[in-house]
Amino acid sequence: MPASGAPAAGAGGAGSGGAAEPRRRRVALPAWAAGAVERWRARGEVPVAAAPVPRVAVVTDSTSCLDAADAAAWGVDVVPLDVAADGARYRDGVDLTGDGLAALLASGRRITTSQPPPAAFAAAYEAAAAHGAAEVVSVHLSGELSGTVRAAGLAAQLAPLPVHVVDSRSAGLGLGFAALAAAEAARGDAWGGLPEGSAVAEVAEQVGRSTAAWFVVDSLDHLRRGGRLSAAAAAFGTVLGLRPVLALRDGRIEVAERVRTRRAARDRLHDLAVAEAGRRGPGVRLAVQHLGRPDVAAELAERLRAATGADEVLVREVGAVLGGHLGVGALAVMLTDR
């Protein structure tokens, strides 16, 4: 599976150990980096924290599937990935939503995606410093699926404050829950204690890596063309006309099982999530994600809530970048530790 992987330890990013050691303050950005940041900011493509930034600010990317309300409530900056449709460029979650992506796919447009440039993260880190943050925890899409975490690591080397870059080894709301857990941890305890960035990064890493996710798609072609699933795995997944149930394991997409019908696939997603929630016990977060199937997703979420006793099962449409690799009809269940 083609993947950029996580930045090496010592390069400001997450290596195989997850959270990286923070880089120390630099006096000034080099001229080339400062210019790139200014150009990025001038185009209005750098998110600015919507809530007061605590001592440790949290940055994530748009594959977290956090909506504007989530980000505003917790003061999380969301840096968008890019989507291109026959040459036209869109920012995930800004210019193009999952609904819009579905319309483009239905029209036969060729969809490609790309990670943000390091300048986008550099500007987000500068914005956090300007709002009074002393450190940043930057938690991102699995390095096995994208070079996003590597771009964040490059930007961290030049940031004006220490940045802890975390490879969540997850995607979608698995990543989103990790970012929210980090933001919650950054707010400190009831006695006013504020944690160090390394402790917040550890929370993000633990939650991200606790993700259990299974999903089904109507076609494996999008994943195969995007390099997120090997041709051999795609062929094996559809052997004898069976429908594959896919899993996200240690940041990689694998064919977990095969079933005969779409309904059987939905039932299997339910059973896998219920069994995992039962194994872990109380305190898990559950979510259902989809592209173009809101009614089916809501039904599955209600079944999960009834079976697990969860207070809430969050239902969220995937964004344009994830949707570009999954296709219309995608349905996923995921859970993480809190």
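Hi everyone. Before we start, please keep in mind that this is a predicted model.

Let's begin with the inside. The largest nonpolar core has 53 residues, and the members that touch the most others are Val58, Val83, Leu96, Leu101, Ile111, Val139 and Phe215. Which helix gives the most to this core? That would be helix 6, residues 173-186, with 10 residues. The core also draws on two domains, taking at least three residues from domain 1 (52-81 + 116-209) and at least three from domain 2 (212-337).

Setting aside neighbours within four places in sequence, Val58 contacts Gly75, Val76, Asp77, Val137, Val139, Ala179, Ala182 and Ala183. There is a second, separate core too, with 23 residues, among them Val259, Ala273, Ala301 and Ala310.

Six strands form an open sheet with mixed pairing, in the order 10-9-8-13-11-12. At the edges sit strand 10 (252-259) and strand 12 (313-317), each pairing on one side only. From one strand to the next, the twist averages 20 degrees. Strand 9, residues 243-249, pairs with strand 10 in the antiparallel sense over 7 bridges, and there you'll find Leu246 opposite Val255 of strand 10.

What packs on this sheet? Helix 6 does, touching strand 11 (284-290), strand 12 and strand 13 (331-337), with its direction at about 140 degrees to that of strand 11. Helix 10, residues 262-280, lies across strands 8, 9, 10, 11 and 13 and runs at about 5 degrees to strand 13.

Technical notes:
Residues are numbered from 1 along each chain as its sequence is written. This is a predicted model: local features need pLDDT of at least 70, side-chain atom pairs count only at pLDDT 80 or more; totals for chains, interfaces and linings use all residues. Side-chain values use heavy atoms; hydrogens and water are left out. A nonpolar core is a set of buried Ala, Val, Leu, Ile, Met, Phe, Trp, Tyr and Cys residues joined through side-chain atoms within 4.5 Å. Buried means under 20% relative accessible area, exposed over 50%, partly exposed in between (1.4 Å probe, protein chains only). Helices (H or I, at least four residues) and strands (E, at least two) are DSSP runs, numbered from the N terminus. Domain bounds come from an automatic or database domain assignment. Contact means heavy atoms within 4.5 Å. Two strands pair if DSSP finds at least two bridges between them. Axes are lines fitted to C-alpha atoms, for helices over the stretch in contact, and angles run from 0 to 180 degrees between N-to-C directions.
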